[in-house]
Each structure stands twice: as C-alpha cells, then as structure tokens.
Amino acid sequence: MIALVAFRVAAYVRSHRVFQALLPLLVLISILHAGRAPRGAEAAALTDSAVLVIPLLAWATRGLLDTEPDEQRAISATGVGGRPREVAAGLLAALVTCAAFAALTLGSGLALGLSATPSRGVVAAAAVVHALAVLAGVALGALTSRPLMPSPAYSILALVAGFLTMLLVGASPVYWLTVPVTAWMKAAGAGRLVSELPGLAAVSLAWCLAGLTVYWCLRRSRP
Amino acid sequence: MGSISIVRFFIATMRAALYRYSTMWLAQVSFRYRRRDRYVIEAAEARLGPGDVVELTGPNGAGKSTLLRLLAGLTRPTSGAVTGRPAVVGYVPDRFPTGQPFTVAGYLRHMARVRGGARWEPWAERVGLDGFSGVRLRELSKGTAHKVGLVQALMAEPGLLVLDEPFAGLDRDTRDALPGIVTEVAARGGIVVASDHQGGLGMLDGVRRWSLRSARLIEHPPASPGDPPDRLAAAGLAGPRDAVTVEVSVPARELDGFLRRMRDDGYPARALTEEEAT
C-alpha cells in the first residue's frame, strides 16, 4: 500500500496539480505573516493560520484524489489487493501531502510571524490545531472528490459551503455541531487555547473521523 | 523462536499458494446502478475453476464490462455474492488511461512496486513495448497504451485475469501472441475472462462461451466432436498460409450473430480492429 501512496503523491507532483494548492498557500502565508504578531498574540496568530489553511488543504486533497483517472483507480485497486486498500492509500497520500503543507504553514508562522518566542504549551497547542486542520481538510476534500461528486461545479460549491459551515456554526452556541474552527480562534484570542483545547479537539476529531467514515462508506458503492 | 518463524513463513507461503489459484463462484449475482433502475445483470450463476478461459460476448450496453468489474472485485453486486476470488487479480480496461504524468517505464516501475516487486521487463519485451520505455503515456497510440495495460496486469502472475476487449487496437504480432499468453496463464491454474467482440480467443481449445442477453448470463455449450467441423482442418489446410482471408461488411448490430454463425460452421472468423479497417 505504501507503494501506491508513493505513486499517487508522485502523480500529484508530476502533473503539477500540486501548484494549484501550493501557490495560494504561499500567498496566504505571505499575507498572514507580513506583519509580525505582537507579544502575547502568538496563539491567536498561529490558530488563525491553521483555520485559514483548511480550504487549501481540502483543495489539495481533492486535487490529489482527482489526479488519478477512473480506470487507473480500478487498476490500482486490483494491483494493491482490493478497493478498501486503494481508498486507504488515497487518504494516506492526501494526509501526507496535507501534513507537509501544514508543517510549512506552522513553520513559517513560527519563523516569520511572531515578535516573541511562544511558550512550549502554545507551540504544542498550535501543532495540535494544525494537525486537526489537516484532518478537517482531508475529510472535506475527500467528500468533494470526483467519485462522490462528479460535477466540478457542485464539488467546488460543496467545498466552499463546507468551510463556511465550519466558520458560521463554529461561531454559534451549537459550535459542537461541526468542526468548531471559529471556537478555536475565539479561545486562542482570549488566551484560553491551551486550557480549552482538549474539549475542542475532541469535538473536532469526532467530526473529522465522521467525515472520513462517510467517505469510506460511500466509496464502497461509488468506485 | 526460529522454528516459529519458519512455521509462520510456511503457513504464509501455503496460504498464498492456495489463494493464488482457486475456484470462483457467482451465486445469484445481480447488479443495478440505482435503486429504481433496471437490472444490468440479473441472478447470474457460474463456477470458474482454475485453468478456465471464458469468452464473454453480448451486444453493446449488455453489461459485459459491468460483469467483468464484478468478477474483478471492483464493483459490489447489488445482491448475491462472488466468492473464492483468487488473491492476485489482473485487470485490463478496454481503454488504458493515458492521461497520467509518467513514461511507460516509470509507470510500470510504480505498478511493479504496488504489486510487491513484480518483474515487468520480460512482459514488456514480449508484447513489443521495449522500444517505448522512455515515451510518455500521453504520447502513446491506443494500441501501444493497451499493451501497457496488458503488462501491468500480467506482471504479477494473476490467478484471475480480466480482459475488457483485449484485442482492440493491437497490432497483428501482439494479437497473434495474446491467445498464447492467455493459454499460459490458464496452464498455470489462472482463470481468464475476456469480453471479446473480435473472437480472438474463440480458436483456443476448451474456451467456455458466455453471453449476456437481457441481463441474463448464458453459458453456451462447449465445442464437441458432434459440432460442425473446423473447415480448414477438414479441407486439409494446415494454417493461415493455406487459407484465404475474405472481407465481409455487416451491420454492427448483427456482428455477434454473424461471427457466431461462421464459427458454428467451422470458420475461424473474427472482426477487424479499427486500425485494420482503416
């Protein structure tokens, strides 16, 4: 299965589709960290970047999964020993790619976007939030990929709508009905990210896993 | 500790050997794309033993490709079950997906790694791909791309080889070599199932003939001594050198019936590929 993961990442890079996500990501990083965050606002700055990168990670996941032609997915499935392994390889390839993008985002934030060195707790919390952003991006991108949404127009609409839902519902009292990205930002802005992270992370993780499970189940009938 | 490892290795080896070549069963297999659609395949029953070669025919849209995908495990039946599928499956789609950013060698190297380190070079040489290693997949003709599809399926010694229109677009040398390759896979204990409008496998001994009509899978009786004789053999003609090739134009919808009548009369008939026809 690792060989199939390498094949899919190689196809994504060699087809140059990787630039469709990488270039906007670099623009986002440049804008976000054009001015260094003031002392005491490290957690807020790093959390903002984690939230804003989610649609780009979803875009990257969708691009990676859609790089492979439909008939190649069939060939890959027989080669790797079955459809479940092929689906798992696709998700793993997306996770690897998005983890690299998220590491670039977090690394740039730590190196360029802060006036003061953050505490270890804030750095750890920022790493967790970026990891959750990766999961959210992969789940959203997978759910809007071609096997589930053959129409590119509906797919892009669904991707944007999914992120807006996270922002709007996450700002409401029923924030637990989605990945509560706005609640992450609120907690970070109020200086409570480290203390509130366990609860927010549990809700976020549950929704990400639910999204990935739905993708897994739907792919059984939509090869 | 060492003896436990040896036993584990032995069990794993035996398991791989057992499941590489096995008997497959189709039990009341039905398939439709959506809940209210008509069935594409309805209550298909079949047994496929090691060494079986099946030629699947049927009109366009009859569900041949769907049945092949069900056999390969790429699609789940709406009801019924396909059991006993061999562990290693080779699948050749009717159109190889050339829209990928690799050269022929680069692609086959990746597929060989996916297949656990299978050797693709001998197969590439055998089907005449050795001169195309550095060519990008996008630049291949339909026939050459089809050869790439064949090599990726054959390299892992499949226990089940599924071929969707394998003769389409192939040059004469590869078309002539393919029945021999199929015979080798079957002789090893593999099952070969091919949808074939051109009758390229019809000349092999012991080929089982399936057809799909009105969503029903029908198995036609195999050729027997009581069947119409092979007229080439009956006339004492040893092979193509002594025979005459004729060209007949028939309406596309009558092709299957025409080929069947010719074969029933003992003539080794096949349809021309698009490249040959032009």
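Me: What counts as a helix or a strand here?
Reply: Helices (H or I, at least four residues) and strands (E, at least two) are DSSP runs, numbered from the N terminus. This is a predicted model, in which local features need pLDDT of at least 70, side-chain atom pairs count only at pLDDT 80 or more, and totals for chains, interfaces and linings use all residues. Residues are numbered from 1 along each chain as its sequence is written, while chains are lettered from A and ligands numbered from 1 in the order in which they are written.

Me: How many helices and strands has chain A, then?
Reply: Chain A has 10 helices and 0 strands.

Me: What would a compact globule of 223 residues have as its radius of gyration?
Reply: It would be near 17 Å, and the 18 Å of chain A agrees with that. The radius is taken over C-alpha atoms, and the globule rule is 2.2 Å times the number of residues to the power 0.38.

Me: And how much of chain A is buried?
Reply: Buried residues make up 48% of the 223 residues in chain A. A residue is buried if 20 or more other C-beta atoms, placed from the backbone, lie within 10 Å of its own.

Me: New topic: how many residues of chain A are in contact with chain B?
Reply: In chain A, 22 residues are in contact with 21 residues of chain B; contact means that the C-beta atoms of two residues, placed from the backbone, lie within 7 Å.

Me: Which helix of chain A gives the most to that side?
Reply: Helix 5 of chain A does, with 9 residues. Helix 1 (2-14), helix 5 (70-80) and helix 10 (193-221) of chain A each supply at least two residues.

How values were computed:
Buried ≥ 20, exposed ≤ 12 C-beta atoms within 10 Å, placed from the backbone.
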